[in-house]
Amino acid sequence: MIRTEELLLNVGPQHPSTHGVFRIIVKLDGEIIKEATPVMGYLHRGTEKLAEDLNFTQIIPYTDRMDYVSAMTNNYVLVHAVEKMMGLEVPERAEFLRLIVMELQRVASHMVWWGTYLLDIGALSPFLYAFNDRERILQLFNELCGARLTYNYMRVGGVKWDAPEGWIAKVKEFVRSMHDKLAEYDDLASGNEILLSRIKGVGAYDAQTAIDYGLSGANLRSTGVKWDLRKNEPYSLYSRFEFDVPVGRNGDCYDRYLVRMEEMRQSLRILEQALEQFPEGGETMGKVPRVIRPPGGEIYVRIESPRGEIGCYIVSKGKAEPFRLKFRRPSFVNLQILPKLLVGESMTNLVTILGGIDIVLGEVDC
Amino acid sequence: MSEEEKRAGEQEPAIEASQTPPEQARAEAPAAEPAASEEKPASAPAEGEAPVRRKETDEEKAARRKAALEAREAAKAAAALAAAKPSAAAAPSTGTEAAETAEAAPPPPPSPNQPRLDRAVQLLRELVAEDAVEEAAINELNDDLPTLVVKNERWLEAAKLFRSHQELNTNYLRNVSGVDQETHMEVVYHLLSMDSGHVYAVKVRTDRERPSVPSVTPVWQTANWNEREIYDLLGIDFPGHPDLRRIMMPDDWVGHPLRKDYVPLDSEV
Amino acid sequence: MAIRGTGIVKGLGVTLRTMGAKKVTLKYPDVPIEMPDRFRGIQYFEPDKCIVCNQCARICPTDCITLTGKPNPDPEKKGKVIDTFDLNFEICILCDLCTEVCPTEAIVMTNNFELAAYSRDDLFKDRDWLYGNNRNIREDNNNIGAPQRGGAK
Amino acid sequence: MQKFWNDQVSWGLAGIYLLGAIAVLAVVIVFVTYAIYFERKVIGWMQYRRGPNRTGPLGLLQTVADVAKLLIKEDTIPAKADKALFILAPALAFVPSFLVLAIIPYGLNLQFADLNVGFLYYVALSGITTIAIVIGGWSSNNKYALLGGMRSAAQMISYEVPLVLSVVGIAMMTESLNLRDIVIHQEGYFWHWNFIPQIIGFAVFVVAAISELNRTPFDLPEAESELVAGYHVEYSGFRFAFFMLTEYIYVYAIACLATILFLGGWNPPIPQLDFIPGLLWFALKFAFIVFFLFWIRATLPRLRVDQLMGMAWKVLLPLAIANIFLTALGIEWWG
């Protein structure tokens, strides 16, 4: 009898399609995965430990580096938590600017996901198309706050910079031209039969498993659960704009693909309405005490980042530095379902499923 | 926060407030400077630095950091002492929530979630155990989030109750965070019920020497890695967890970094 | 869905159309990229504006600023004058907090970002180097954190 | 070369053969360098970017620079690698790819060797490269390389069968496997070319040919995103260059073959145009096929291994066999 052995393969930590420094030890029987154990922590920088010695303005640059693909939502969750604790009033114009940059960030983050996802599946060009359009968003952010990736834009009580003149018009122009770009993306990839055969029915799970594993964002909505924090627990000005929450049916990679593509269109819709109602004058910084000392107590605030529900739990003892700061990171929680999904899949599907969950390692390791 | 530290706190802003920046620069002269640097524990290591000294070499910088570290240790010990004494005075720090809500002068109008909190407490007392709930309060900061402190031994059945009971029905464990409160360790669970949209926060306390909290992974799968991360960074053991290993730090790492008494490996950090 | 193959053909059509489209390649090393005014590049430091108030060293999240002042040389003036001002660009994250809290805008960000060096010690920039880095300085510095406009941290 | 065929071999004759061989080698090497450059340019244009333009005028020396770099680079051999096989694999892959070029007729009498079993010769030799890839994958003692090697063996074997069967139709119509006769048979208007009557055969041939070359959408063995680089992950320096060279020479060979078998070799689309030399027509059709390969690579994603195998055995093979029957019926009715 031929004795066959299982092959233990290290996928990562240095691997082209693990979206960062992430390793999976895979037990292979031929091409079929018997068991997958993820290993992480390569990018653990101890943000939560460092935060205990920094005051709140100093922590903001650290939040940029957590989910480096959507830094604005990280800024917002920390700043929103402190404002809620201190009961600060954020001026209208600042809140509008925050909303616009967050939605632009969502479109940019989904474009990174779309480009790299198709590159994982083998198509070379979509990556360049996505980054070509994302460049225009980065250019807008560069003009607004001086950086392309780590913005450090929001402050407790408002935003640091007002929109330079002509910036709002540029954003309007971008949003208008982005619609037919999305149509071009659909022509290029969404209808492609090879892509459909690669992602349809792969890595499927039902709504109950998704809730049990605490998934959030497109991973949760692709199973049919209509749960979007911008609608269910509205924050900032989202209650003013109408947009709908795309929901999938059978929770496989294809539904996640469609949900994310539709989310981009919904974000563009919100941006259009927000740019119409953008207030003329107004302050960008509310009344903030000289030293930000939130009162004693604790608070857990959560918003909808492109990857899911990002939460910020602050325990404060009344000092300028947080006593304990914990971030609920969507990529870390969404990644838990990967080992369960991989059992019985082939090596090529490993890449498809991992790309479908859309994780960013800076956020997983925090 | 210890008494003299607070007094120093009030004193110091007084000096700054009363003078305009240029005099402040002259007042910065040696007289104020030495007083400020010892009294105010340099919470940010660079803070205690007097601008007068010549450029520091590396060992001096390390020495200064070690001094700052001792200063922080001393302050912490003092803080632990102060918190242990039943501080009747309205200490700005949390102390026990119940004390805080009780002594607010005119009792604020009962928050909308108060009935929900009482219902949960009542359910827990009936179905789990009489002494299951140690405390229950409304956290105004967090738009009236009902917060319960459940007894360590009773926590697993309480979790099952939270998950299964049709009134509570919290099927979504949204966040698990470990907190080192210096006097004791705490694990905070934020629960959400998807259908009713109600949110609960449950705290489970355990001592610092051998911290252990029953694992709720059988109840909510999402707790698996969260608990592993808390075990890895805070050292809280979770009996009943399928495979409790380190998740962030290398497997052979000694110590748990997020603990307050954790001596950093490299003082330069 | 449409008959098999039309998705692929549409995709091929898109790539063929892009062959004629305008290319976006920048000739970077030869043609320098000019950044918008607010771009956070390497700092420019003006020693005589500095009142040695230590705010920048205090706010810096990575503690990369070390500065020492000395009493003012001519007797009738009061206050301090900056003696050495070192910025350690190995750990500086260009987060712009130091320029935000500087009351006298002594430290301002410029738009140039090229800082590659062959050895790590070149990344320790001292006062004169920072004073020399005076090309395309940022005009709109917006130091909202400074004391006279909302309080020193 | 034909006229020297039956003379007595002498030193002079051997010299001519050598020169002929070197000439073909030179043509192919020049083609390979500029095919690589042209591919990177085309894929660049299709992605809003310019493609290599810094080395030499318009970047023309880009591939020369690459090859020079690969020559200078140290080609390492992994410690526990199976040394002999590791060194043998690139040579074993490279040699058949050159042998295959001997039988390609560029013009009526512009042909190196005229075998009456031209196509069979081609298929037999290209099989050796499969073995070389498996040896390369196995001997570099790297799990990824092993996986890549296994995949490519399975893929090449299962696509060789439809490739050969799709050409049987043509052989039946021209009653010969000699490539020159096949082209001569296709003289006349372009609807006399084989790809009109043999449209099914042509489709199967194109799909099988792309898969033979391990190119997208069938580039499983060196799927960057999963197997990092498949069988040539441990190769570096000139050995790696051998594998790259083999791949592009097969692109040259398959494109020539497709032109000859299906697009009527050097015949002009309409006879009145025959004042333009046949070689130009051959080059035009050849260039179109090469462009089509690059175009496909820029656009299409990659198929999964099981889909790939399924397609070979469940789709292409039945189609090829059906094509043979149809051709048989066609010959029966129209003669």
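A definition to start: two strands pair if DSSP finds at least two bridges between them, where strands are DSSP runs of E with at least two residues and helices are runs of H or I with at least four, both numbered from the N terminus. This is a predicted model, in which local features need pLDDT of at least 70, side-chain atom pairs count only at pLDDT 80 or more, and totals for chains, interfaces and linings use all residues. Residues are numbered from 1 along each chain as its sequence is written, chains are lettered from A and ligands numbered from 1 in the order in which they are written, and side-chain values use heavy atoms, leaving out hydrogens and water.

Now chain C. In E3(C), Lys80(C) is the bridge partner of Pro71(C). Strand E3, residues 80–88 of chain C, runs antiparallel to E2(C), and 7 bridges join the two. How many strands form the open sheet? There are 3, in the order E2-E3-E5 (chain C), with antiparallel pairing. E2 (65–71) and E5 (124–125) of chain C are the edge strands with a single partner strand each, so one side of each has no neighbour in the sheet.

Next, chain A. Its secondary structure comes to 15 helices and 8 strands. Along the principal axes, the C-alpha atoms of chain A fill a box of roughly 80 × 45 × 35 Å. Of the 366 residues in chain A, 71% are buried, meaning under 20% relative accessible area with a 1.4 Å probe, protein chains only. Contact means heavy atoms within 4.5 Å; among contacts in chain A between residues at least 6 apart in sequence, 71% join residues at least 24 apart.

Definitions and conventions: Buried means under 20% relative accessible area, exposed over 50%, partly exposed in between (1.4 Å probe, protein chains only).
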